[in-house]
Amino acid sequence: MRRNPSLSKVPMPVQDPIQRAANFDEVALGYTAAMAVEEASRCLDCRHAPCVAGCPVGVKIPDFIRQVAAEDFAAAFDTITQSNSLPAICGRVCPQESQCEARCVRGIKGEPVAIGRLERFVADHHRETVGARPEPVPANGHSVAVIGAGPTGLSCAADLAKLGYAVTIYEAFHTGGGVLVYGIPEFRLPESIVRDEIANLEALGVKLEINMVIGRILTVDELFDDFGYEAVYIGTGAGLPSFMGIEGENLIGVYSANEYLTRSNLMHAYDERYDTPIRRSRRVAVIGGGNVAMDAARTALRLGAGEVTIVYRRSFKEMPARIEEVHHAREEGVRFENLAAPVRILGDDQGQVRGLVCVRMELGEPDASGRRRPVEIAGSDFELDVDTVIIAIGTSPNPLIRNTTAGLETNPRGCIVTAPDGSTSRPGVFAGGDAVTGSATVILAMGAGKTAAASIDAYIRNKAGEA
Ligand code: FAD
Ligand code: SF4
Ligand code: SF4
């Protein structure tokens with residue numbers, strides 16, 4: 001097979017930065033078949049395939065890339081979906097640069113193979129040209145409840161359904177997807193892609209019960225006692241936003257990133273056909289340096305803000321957001337006020353935000369996370385003229401489930417404690433994703449769902465004497 005010796009990835013076509021900063025259409029447009037074949041030909045088909053060890057769900061990367069290079073896209077789709085039930089999503093939002101692509105040998109001299117872009121191409125090609133849904137497998141007579149329809153719940157449900165379990169997902173919102181639909185904006189992950197992946201699960205026989213807040217409408221005990229489920233998987237995420245505890249946080253015009261993004265994405269505030277209220281800001285400050293901060297800043301631009309500034313207490317080097325997202329944000333005109341921390345939000349006499357006072361920072365010795373600790377420079381206060389402040393400094397799990405489920409051990413951060421196989425302190429109850437790790441990544445949440453599905457299968461079979 002022909003090898004492409006290029007040191008660089010085949011570039012991803014993207015919307016023009018000026019145009020895209022004014023619309024919510026997807027920024028990255030995806031490879032054509034010719035581009036995908038060209039990029040796949042860069043893969044060396046390494047015998048020990050180090051890239052696979054970098055993928056939390058173990059996608060057989062060299063196999064699917066070889067199939068793309070041979071233009072057998074259907075086989076490539078089958079290969080990927082053996083390990084990954086949401087490939088169109090992972091191909092778009094996985095932090096590949098620190099996972100599969102970080103281990104690619106082509107990355108030693110030049111850029112790694114664009115594994116994520118190829119995965120996206122294969123999934124999109126299947127959806128656009130084949131579109132066939134998976135078939136349900138024969139029932140095995142056992143039933144499992146999954147709480148939360150985010151990536152971890154969806155992946156656990158998919159694996160259990162493929163083993164013949166009757167799976168019902170209970171979701172608090174009016175739609176499935178979790179952060180994939182309420183957090184990550186349309187311009188990075190179109191809602192239609194998430195809908196399509198969920199339709200695949202429903203075709204497998206998974207039932208989705210929406211508007212079901214477990215802990216309020218039903219408890220975990222009732223799922224066992226009244227509904228007869230043999231195991232419960234908790235995948236409720238970490239949706240409770242953290243605040244800074246500084247003066248002015250209760251002013252009108254201060255949002256948590258979660259609320260701001262939920263209004264825009266899930267409640268379609270960006271779409272004129274919906275009447276969801278959201279502030280049409282003039283100048284916006286977004287506090288934080290993660291993917292959530294980038295998404296909030298880029299959303300604010302698209303909602304018409306004249307100037308959007310990210311305020312981050314470290315430098316670009318320490319920024320936790322994906323490099324690509326920071327790059328896209330800068331291209332679109334988001335300003336960065338790095339090495340700065342907010343100290344006070346200023347209000348006018350109507351209780352509306354009128355400014356943000358920050359202080360300059362410098363980097364000291366590394367802290368427990370290994371990143372250099374930001375240290376305040378005395379007397380360096382400065383003011384940003386803003387009318388909106390969006391806080392994106394982290395989230396933690398909502399306490400509802402832990403407060404209503406007896407015998408469920410949690411840690412001081414409110415995360416559910418599990419064994420490596422996903423089992424909790426309560427027999428028959430398993431958990432994974434952000435509810436266990438705190439805010440992490442889509443693919444880690446999916447990996448946890450897969451691990452738990454295998455453990456739930458072993459647990460139920462063992463109990464039923466089928467092991
Ligand atoms: P979630 O996605 O939070 O899903 C939990 C689900 O449980 C939700 O649907 C919620 O409504 C439901 N739920 C909660 N409580 C209850 C209850 N009591 N009863 C019933 N249902 C309940 N990761 C990446 O890999 N790449 C990215 O680019 C990226 N960008 C991000 C951008 C934003 C704005 C955010 C917020 C996160 C981002 N992440 C990204 C992180 C990633 O989305 C999460 O790690 C992942 O979604 C966690 O999956 P989960 O299934 O554990 O939780
Ligand atoms: Fe890489 Fe994510 Fe695909 Fe795994 S699922 S191969 S980490 S893009
Ligand atoms: Fe291909 Fe890179 Fe994986 Fe080797 S490490 S098989 S070159 S993707």
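## First parallel sheet

An open sheet is built from five strands in the order E3-E2-E1-E4-E16, with parallel pairing. Strands here are DSSP runs of E with at least two residues, helices are runs of H or I with at least four residues, and both are numbered from the N terminus. Two strands count as paired if DSSP finds at least two bridges between them. Because strand E3 (207-209) and strand E16 (429-431) stand at the edges with a single partner strand each, one side of each is left without a neighbour in the sheet. On average, neighbouring strands of this sheet are turned by 20° against each other, direction ignored; the axes are lines fitted to C-alpha atoms, for helices over the stretch in contact, and angles run from 0 to 180 degrees between N-to-C directions.

At one end of the strand order, strand E4 (residues 231-234) and E16 are joined in the parallel sense by three bridges. Val-232 is placed opposite Val-429 in E16.

## Basis of the model

The model is predicted: local features need pLDDT of at least 70, side-chain atom pairs count only at pLDDT 80 or more, and totals for chains, interfaces and linings use all residues. Residues are numbered from 1 along each chain as its sequence is written, chains are lettered from A and ligands numbered from 1 in the order in which they are written, and side-chain values use heavy atoms, with hydrogens and water left out.

Ile-287 stands opposite Ile-391 in E14.

## Antiparallel pairing around E11

Strands of a sheet pair through backbone hydrogen bonds, either parallel or antiparallel. Strand E10 (residues 340-347) runs antiparallel to strand E11 (residues 353-366), and seven bridges join the two. Ile-345 has Leu-356 in E11 as its bridge partner. The two strands form a hairpin with five residues between them, and Gly-351 in the turn has a positive phi of about 75°.

E11 also pairs in the antiparallel sense with strand E12 (residues 372-376), over four bridges. Here Pro-366 has Arg-372 in E12 as its bridge partner. E11 and E12 likewise form a hairpin with five residues between them, where Gly-370 in the turn has a positive phi of about 90°. Three bridges link E11 to strand E13 (residues 382-384), again in the antiparallel sense, with Cys-358 opposite Phe-382 in E13.

## Ligand shell

Ligand 1 is surrounded by 35 residues, the closest being Val-93, Glu-171, Arg-188, Ile-214 and Asp-434; a residue belongs to this shell if one of its heavy atoms lies within 4 Å of the ligand. The shell divides into 20 nonpolar, eleven polar and four charged residues; Ala, Val, Leu, Ile, Met, Phe, Trp, Tyr, Cys and Pro count as nonpolar, Asp, Glu, Lys and Arg as charged, and the others, Gly among them, as polar. At least three shell residues come from each of domain 2 (143-239 + 396-463) and domain 3 (243-393), with bounds from an automatic or database domain assignment. H13 provides the largest share of the shell, three residues.

An oxygen atom of ligand 1 lies 2.6 Å from an N or O atom in the side chain of Glu-171. A polar backbone atom of Val-442 is 2.9 Å from an oxygen atom of ligand 1. Taken alone, ligand 1 exposes 1,000 Å², of which the protein buries 94%; accessible areas come from the Shrake-Rupley method with a 1.4 Å probe.

How values were computed. Polar contact = N/O pair within 3.5 Å; in protein donor to acceptor, adjacent residues only side chain to side chain.
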